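Welcome, and thanks for taking a look at this one with me. Below are some notes to read with the model open beside you.

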Amino acid sequence: MKTYFLIFFTLIVGQISSAQSTEERDIKAIKAVLKEQRLAWSKDNIEEFMEGYWKSDSLKFYGSNGITYGWENTLERYKKAYPSEDHTGTLSFKINAVTKITDGAYYVLGEYHLKRNAGNADGIFMLVFKKIDGEWKIIADTSS
């Protein structure tokens with residue numbers, strides 16, 4: 001009886017630690033996408049920054065001017081709102097939470113800070129990440 005209990009216990013602990021390590025890998029990968037975005041933005045490279053987003057007409061960006069649908073429209077929105085390096089400046093994030101929604105999907109809550117010549121800007125965001133074709137992509141962004 002002890003042997004069966006030990007086997008059962010070992011299997012359960014193994015499954016729990018496997019799930020935790022998968023979640024930890026997911027969170028690390030999502031944070032890596034955000035780091036790449038931060039670096040691209042701070043180089044005034046909005047196109048590279050947009051690589052973190054799902055390249056689809058189904059992408060949703062919800063900001064102070066309402067909702068923008070689609071990757072191309074979101075890119076144009078960013079280019080219009082941040083027309084020069086004086087406007088993009090240097091981006092930093094404070095990640096407050098990365099929470100699993102379901103397998104292959106997480107939401108990220110955080111704060112952004114822009115240090116720039118056009119005047120500093122701060123705000124908050126919620127991003128929904130989904131694993132698409134083996135890559136973590138933002139499928140919805142609410143920023144203000």
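1. Let us begin with two aromatic residues. Phe-61 and Tyr-78 are both buried, where buried means under 20% relative accessible area, exposed means over 50%, and partly exposed is in between (1.4 Å probe, protein chains only). Their rings form an edge-to-face pair, 5.6 Å centre to centre with 70° between the planes. Rings of Phe, Tyr and Trp (its six-membered ring) pair if their centres lie within 6.5 Å; planes under 30 degrees apart are called stacked, over 60 edge-to-face, and the rest tilted. Phe-61 sits in strand 1 and Tyr-78 in helix 3, so this pair ties together parts that are 17 residues apart in sequence.

2. A word on what you are viewing. This is a predicted model, in which local features need pLDDT of at least 70 and side-chain atom pairs count only at pLDDT 80 or more, while totals for chains, interfaces and linings use all residues. Residues are numbered from 1 along each chain as its sequence is written, and side-chain values use heavy atoms, with hydrogens and water left out.

3. Back to the rings. The structure holds ten aromatic pairs. Ring pairs also link Trp-41, Phe-49, Tyr-53, Phe-61, Tyr-78 and Tyr-82 into a cluster.

4. Which residues touch the most other members of the largest nonpolar core? They are Trp-41, Phe-49, Met-50, Tyr-53, Tyr-78, Val-108 and Phe-129, in a core of 28 residues. At least two core residues come from each of helix 1 (2-42), helix 2 (46-49), helix 3 (71-81), strand 3, strand 4, strand 5 and strand 6 (135-143). Helix 1 gives the most, with six residues. A nonpolar core here is a set of buried Ala, Val, Leu, Ile, Met, Phe, Trp, Tyr and Cys residues joined through side-chain atoms within 4.5 Å. Helices (H or I, at least four residues) and strands (E, at least two) are DSSP runs, numbered from the N terminus.

5. Leaving aside residues up to four places away in sequence, Phe-49 touches Gln-37, Ala-40, Trp-41, Tyr-78 and Leu-91; contact means heavy atoms within 4.5 Å.

6. Six strands make an open sheet in the order 2-1-6-5-4-3, with mixed pairing; two strands pair if DSSP finds at least two bridges between them. Strand 2 (66-69) and strand 3 stand at the edges with a single partner strand each, so one side of each has no neighbour in the sheet. On average, neighbouring strands are turned by 25° against each other, direction ignored. Axes are lines fitted to C-alpha atoms, for helices over the stretch in contact, and angles run from 0 to 180 degrees between N-to-C directions.

7. Tyr-62 has Ile-67 as its bridge partner, and Lys-60 stands opposite Tyr-69. Two residues connect strand 1 to strand 2 in a hairpin. Helix 3 packs on the sheet, touching strand 1, strand 2 and strand 6, and its direction makes about 125° with that of strand 2.

8. Strand 3 (residues 90-102) and strand 4 (residues 105-115) are antiparallel and share eleven bridges, with Lys-100 opposite Tyr-106. Two residues lie between these strands, and Gly-104 takes a positive phi near 85°. Strand 4 also pairs with strand 5 (residues 121-132) in the antiparallel sense over ten bridges, and Tyr-112 stands opposite Gly-123 there. Five residues lie between strand 4 and strand 5, where Gly-119 in the turn has a positive phi of about 105°.

9. Finally, the charges. Side chains of opposite charge can pair when their charged atoms come close. How many salt bridges does the structure hold? There are four, each a side-chain nitrogen of Lys or Arg within 4 Å of a carboxyl oxygen of Asp or Glu. Among them, Lys-100 meets Asp-103 with the closest N and O atoms 2.9 Å apart; Lys-100 is partly exposed at 31% relative accessible area, and Asp-103 is exposed at 65%. Glu-48 and Lys-43 form another (3.5 Å, N to O), with Glu-48 partly exposed at 31% and Lys-43 exposed at 54%. Lys-137 and Glu-135 also meet (3.8 Å, N to O); here Lys-137 counts as buried at 15%, while Glu-135 is partly exposed at 45%.
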